[in-house]
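I opened this entry to record a few residues that I wanted to look up one at a time. The notes follow in the order in which I made them.

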Amino acid sequence: MVVAPVIVGTFMTLVDVTRRTVASRPLWVFLAALGAYLLFERIRRHRDPAANRTFPSIRLLCTAAVAYYVAVVVWYGLIPQQVDYAEPSVTAIAWLFAVGKPVYHTIDSPERYSHMYGPMAFVLPGAVLRLLGAGMLIAKAIGSAAALLAIGLTTAAIRKLSDSVATVVAVGICVLEFLCFRNLTFWSRPDPLQLVMVGAGLFAAARMRGAPAVLVMSVSMGILCNLKFTGPLYAMPVFALFYARAGWRPVLLSIVAAAVLAVAPFFVFSNVSWTQYVLWVQLSARNGLRIAALKENIEWAVFFLIPVIVRLSVRRPLGPELRWMIPALLAAFCGVVVAASKPGAGAYHLVPFLPSIAAVTSMSLRDTADHPLRWMLPFVSTLVFVVAVQQQYFFRLVNDPALSDSYRDVRQYLDAHPGERIAVGYTAAERMTFARTVVVFATGEYLLDVPAIQEHQLSGLPLPQSTVDAIRSCAVRTWLIPRAGEPFRIRNDYPSTGYREIFPQELIDAFAQNYRRTGTTRYYDVWECSRGIS
Amino acid sequence: MQPGDFVIAIESLIWKWARAVWWLECPAFLVLVLRFSFERGCMNPYELLEPLMRRQSTAVAIALVYLSAHVWLLAVLVLLARQWPRGGERLEIMTLERRLQLAGMAGALALEAVPRVVWVWLYHGAGMCR
């Protein structure tokens, strides 16, 4: 009776250690698996020279992976809560855009929520929220729908470039790679939108011709370049495929149109400022790079590129598509590997390349058919191992009753206090602040976003006096502060900041002087402006 | 020009590039690796060369040296795999110079992969951490 929980606890600790160590180094896992497999094959062939390899089992596994991916994307979309620390930030800013507030505030503004994502990361979800109504399910559906559309478009594109078996294997490998990053490809951040744009670009390049192809390429690549400043690098292999199939004229035309579209939001929307955006990007560019992140990115990059490396090592001429796609892919990878080494970034920035790699993989399978399983079985086994470890962690994150209850708790408070200027404050209980999105939906106001403030602090930008003044003047009437920990006592997660306190003592003092705890809900203390409270 | 000739020309170009670049790349990368090993053994192992990596210009330069070493090794290994004789005959393309260059770069990368615990033991044991 007592032994069972101990065994389960020990097992879970082991799984967690594996996730943090082995599962984040897939290249080494692959090399170990490859060595073991080659040894096993040698022994097997020695015993039975006629023994054949089991290609159909990989096809079956890839089909199962796609089915699992679709199921988990739909399931996550139907849960009205977010599990990543920056998901609430992006959704909240998207809603601010929808109600006409600036996406990038000024450097001395009391509000602190500007991120360095391109405007489309907020414009697209903001438009959907405006159209269908502000709610968690709508916000979540954007990521899920984008992920499903991305995989559909990528599959359709790949099917045109290769046969059905190669399509199943390439798409299966692609979704397994997606799942290595838990819910990244279907969460409420720009990543699913990037995947849709890459998928649409591949679709246009592979299946369309003439003006419609140019139109789809221009729109998808324009949005892709706008979502993150590394966008042009993700577009390179897609344009390479387009060039191989359509020639230079349509490519040139779509590059020009995409460039125009990429800057259009700054001129079309009055609440999207080019000057402020450039300022925040420049500020973020000051953060430097990390060797540890660079090393990890290189390992992930080499791991993802294994199908490409295998193809290159085969002495057979490359087809016209591969001749252009592979160099473009390799050059773009080098750029992103370096850019993704800045503090806070990581190997997940390589994910928008995966549909392009899947296209290359599908076109290469036939050429590497005489020895694909030497790498493919260890490769797929490594992916399955990493996915299993990461997905169990993802499910544990989602299945946190306190997290889902916190949304209900905040909603109940909002319903009981309509029209009040409420905000969710911060303590060390970070996950309890995720429900702040619900408050932003109700109030259309957002004073403090900790993920943004952390980045600003990392760039050496202190909290301005105007923010302290906003606390002093009770710009927010009521703060819902998670009950664990002291209000606004929270440390920066970036090691290079020395894990400094995020909020200055002056702000904490201003809060203590001007707010009084007047009640509690299940998960939050209610702090109200002390002016007017007798 | 036949497609086969084009491939041969590209391969020959990459060999030339690898040969020339090695003299710049390998010593620079080796210096970096040795410095990293010291910092891993004696200082903060998570923020290597922090003062230089905080400045964008030096950070990008160091990152490029670090990345180029990996690209060099991968490119040479892919070329070797492509030109590997299938019938068991001698690998003509591997001249002594190429063998030494490959061994040098692979050795530097192997050093970079050594676990931190080894450096801690080594540098602390030698009394080099002050």
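**Loop residues, a helix contact and a charged patch**

I began with Phe488(A), which I found in the loop between strand S2 (478–482) and helix H22 (505–514) of chain A; I keep in mind throughout that this is a predicted model. The phi of Phe488(A) came out near 60°, a positive value in a residue other than glycine.

I noted for Tyr499(A) a positive phi of about 50°, although it is not a glycine. Because its relative accessibility is 43%, I listed Tyr499(A) as partly exposed.

For Ala332(A), I looked in helix H15 (residues 320–339) of chain A, and with 0% relative accessibility this residue counts as buried. Which residues is Ala332(A) in contact with, leaving aside its neighbours within four places in sequence? I wrote down Leu233(A), Met236(A), Pro237(A) and Phe353(A). I also checked Ala332(A) against Gly485(A), and the two are 153 residues apart in sequence and 44 Å apart in space, C-alpha to C-alpha.

Last, I looked at charge on the surface, where Arg159(A), Lys160(A), Arg207(A) and Arg209(A) gather in a patch of positive charge. Of these I followed up Arg207(A), which lies in helix H8 (residues 190–207) of chain A and, at 40% relative accessibility, counts as partly exposed.

Key:
Residues numbered from 1 in each chain as written. Chains lettered and ligands numbered in written order. Predicted model: local features only at pLDDT ≥ 70, side-chain atom pairs only at ≥ 80, totals over all residues. Heavy atoms only, no water. Patch = residues over 30% accessible without salt bridge, like charges linked within 9 Å, V, L, I, M, F, W, Y side chains within 5 Å. Areas by Shrake-Rupley, 256 points an atom, 1.4 Å probe, with all protein chains shown as cover. Salt bridge = Lys/Arg side-chain N within 4 Å of Asp/Glu carboxyl O. Lys, Arg positive; Asp, Glu negative; His and termini not counted. Charge placed at Lys NZ, Arg CZ, Asp CG, Glu CD. Helix = DSSP H or I, 4+ residues; strand = E, 2+ residues; numbered from the N terminus. Buried < 20%, exposed > 50% of the residue type's maximum accessible area, 1.4 Å probe, protein only. Contact = heavy atoms within 4.5 Å.
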